[in-house]
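Hi,

Here is the structure I promised to pass on. Have a look at it first, and my notes on what turned up follow below.

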Amino acid sequence: MNRPPLKTYSHLATERRMPSEYDIATTQLLYYVAKGGFEVRTPVGNWYERYQQGSGLRATTAQWARFRDPRETTYTSYTGLQKRQEEHLDTIMQARDDGCMDCRRLSPEWLTLLSTVLTPQRYLFHGFQMVAAYIGQMAPEGRIVITAGLQAADEVRRVQRIAYRMAQLRKTEASFGQESAGTWQSHPAWQPIRCLVERALVTYDWGEALVSLNVCIKPALESLFGPFLGRLAERQGDYVLHEMTASFARDCAWHRDWTLSLLRVAYEAREENRTQVARWMDRWSKMVDEAIVGTAPLFGEDGEAAIATARAAASAVSKEVMPP
């Protein structure tokens with residue numbers, strides 16, 4: 001008996017609808033998960049057994065497949081979206097690149113603050129990039145791999161833009177940012193944050209790595225080095241930095257959105273996942289709050305406002321992740 005040819009990809013035929021580009025590009029990408037492991041037994045397989053399959057955040061392959069990125073991001077849509085954001089920043093930054101006229105209008109006090117607050121962020125966001133890349137490497141479902149990988153790309157974008165701005169500011173002050181590595185490694189206000197990031201980098205359970213970074217660390221710190229710093233920049237007439245932080249904030253909003261969507265899938269799959277996420281949040285939130293308090297000296301007279309901003313952001317995300 002001859003069967004009519006399939007009009008779509010066989011693994012999407014049961015959907016009874018025309019698959020979208022997102023469906024086609026992101027469905028059933030990880031062959032080894034359904035097989036219960038890799039074809040060839042190697043030491044790396046033990047790592048995946050322990051920190052992926054043995055994670056405190058668990059679901060079946062079919063349950064994880066219910067996750068959908070709220071933005072339905074593919075590589076093609078991602079590059080188009082970020083192209084527009086980059087063109088916007090290029091227009092703003094290059095317009096001021098010729099002699100960096102806007103840099104000359106910035107006060108010495110503001111430049112001093114930026115040398116301590118802005119330049120070490122390259123190391124902070126590079127840490128975020130490495131953790132996001134690890135989450136993508138270890139995730140048990142292809143769509144999670146894609147979202148985490150593109151999140152890692154967002155962090156690289158931030159590092160690059162901060163470096164570009166540093167180069168502009170050096171046209172006004174040649175030594176600007178030269179001590180940024182030492183500031184990151186030794187400045188007292190940065191050490192709780194550095195400790196936090198280094199702990200996240202050695203958190204091998206993929207589920208805990210996700211919760212530590214996207215639920216606990218990023219919302220609090222990004223509120224400080226994003227919108228809060230952006231408001232201070234606008235007050236100081238540093239409109240380039242204000243626009244940079246606004247652009248980064250759009251990326252960070254997506255990071256939160258896809259994380260919340262994924263955790264909802266996890267909660268529906270197993271009630272135990274909710275309990276485990278709560279335990280991880282309790283563990284990491286205490287360290288995050290210590291880091292928040294430690295940042296106050298970075299912002300001088302605005303230190304108390306910075307603490308309040310970060311705590312409010314952390315609390316808001318916490319309530320979304322773990323609603324009553």
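Let me start with the core: the largest nonpolar core has 87 residues, and Leu124, Trp206, Phe225 and Phe299 touch the most other members. Helix 12 (residues 206-235) supplies the largest share of this core, 16 residues. By nonpolar core I mean a set of buried Ala, Val, Leu, Ile, Met, Phe, Trp, Tyr and Cys residues joined through side-chain atoms within 4.5 Å. Buried is under 20% relative accessible area, exposed is over 50%, and partly exposed is in between (1.4 Å probe, protein chains only). Helices are DSSP runs (H or I, at least four residues), numbered from the N terminus.

A word on provenance: this is a predicted model, where local features need pLDDT of at least 70 and side-chain atom pairs count only at pLDDT 80 or more, while totals for chains, interfaces and linings use all residues. Residues are numbered from 1 along each chain as its sequence is written, and side-chain values use heavy atoms, with hydrogens and water left out.

Back to Phe299: leaving aside neighbours within four places in sequence, its contacts (heavy atoms within 4.5 Å) include Leu224, Phe225, Phe228, Leu229 and Leu232, as well as Leu113 and Val117.

Thr119 sits in the loop between helix 7 and helix 8. Thr119 is buried, at a relative accessible area of 0%, and beyond its neighbours within four places in sequence it is in contact with Leu114, Met166, Phe176, Gly177 and Ser180.

Next, the pair formed by helix 8 (residues 121-138) and helix 9 (residues 142-169): they pack at about 165 degrees, axes 8 Å apart. Axes are lines fitted to C-alpha atoms over the stretch in contact, and angles run from 0 to 180 degrees between N-to-C directions. Helix 8 and helix 9 are therefore roughly antiparallel (angles over 145 degrees).

Val159 is in helix 9 and counts as partly exposed, at 22% relative accessibility. Leaving aside neighbours within four places in sequence, Val159 is in contact with Arg122, Phe125 and His126. Val159 and Gln129 are 30 residues apart in sequence and 9.5 Å apart in space, C-alpha to C-alpha.

Cheers

Conventions
Helix = DSSP H or I, 4+ residues; strand = E, 2+ residues; numbered from the N terminus. Parallel < 35°, antiparallel > 145°, perpendicular 65-115°, else oblique.
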